[in-house]
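Here are my notes on this model, point by point. Please read them with the structure open.

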Amino acid sequence: MKPSQISQQRWKFILLIFAAIIAIASLVYTNYLVRNLAHAERSKAEVWAMSTKNIMTMPDVDDEFITFIYAVRDSLNLPAIITDDKNDIIFWRNLDSTKTNIKPIHGDSVTNDLDYDPVYFQKQLAFMKKSHPPLP
């Protein structure tokens with residue numbers, strides 16, 4: 001073999017090793033980012049759940065404080081479902097906006113425009129429970 005061919009093979013091998021290092025580093029860093037994002041979103045969901053719970057149990061407070069609580073609570077962009085002790089859905093957000101879990105009342109133009117689909121909401125609730133433990 002000529003020295004130039006050996007040098008070419010050596011460069012190809014070095015480039016292959018370098019590409020493998022870049023690929024592994026990218027995978028490790030992406031995994032790190034995904035874990036941090038999941039932790040941050042979980043924290044936001046916990047804040048949203050806590051603020052929603054506090055709004056429902058709060059005695060009379062001034063409007064400015066309620067506005068602040070609503071602003072914090074509504075900053076969450078994740079889908080969420082609130083249930084009572086019997087797992088009946090009492091509130092949801094960021095799910096399919098064309099569907100409702102509220103049975104339409106004859107003559108109500110708001111709920112008549114939406115598709116009454118309680119099965120969809122039960123499936124979403126089951127999926128959420130399977131994916132993550134419910135927040136208290």
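1. A salt bridge here is a side-chain nitrogen of Lys or Arg within 4 Å of a carboxyl oxygen of Asp or Glu. The model is a predicted one. By that rule the count comes to one salt bridge.

2. Which side chains meet in the salt bridge? They are those of K99 and D117, at 3.2 Å from N to O. K99 sits in strand β3 (residues 99–100), and D117 in the loop between β4 (115–116) and α4 (118–131), so the pair ties together parts that are 18 residues apart in sequence. Side chains of opposite charge can pair when their charged atoms come close.

3. Is D117 buried or exposed? D117 has 18% relative accessibility, so it counts as buried, the cut-off being under 20%.

4. Next, the hairpin. Strand β1 (residues 80–83) and strand β2 (residues 89–93) run antiparallel. Four bridges join them. T83 stands opposite I89 in β2. Five residues lie between the strands of this hairpin. There, N87 takes a positive phi near 65°.

5. Now the surface. F13, L16, I17 and I21 form a nonpolar patch. Together they have about 410 Å² of accessible area.

6. L16 belongs to helix α1, which covers residues 3–57. The relative accessible area of L16 is 54%. L16 is therefore exposed, since that term applies over 50%.

Methods
Residues numbered from 1 in each chain as written. Predicted model: local features only at pLDDT ≥ 70, side-chain atom pairs only at ≥ 80, totals over all residues. Heavy atoms only, no water. Patch = residues over 30% accessible without salt bridge, like charges linked within 9 Å, V, L, I, M, F, W, Y side chains within 5 Å. Areas by Shrake-Rupley, 256 points an atom, 1.4 Å probe, with all protein chains shown as cover. Helix = DSSP H or I, 4+ residues; strand = E, 2+ residues; numbered from the N terminus. Buried < 20%, exposed > 50% of the residue type's maximum accessible area, 1.4 Å probe, protein only. Pairing = 2+ DSSP bridges.
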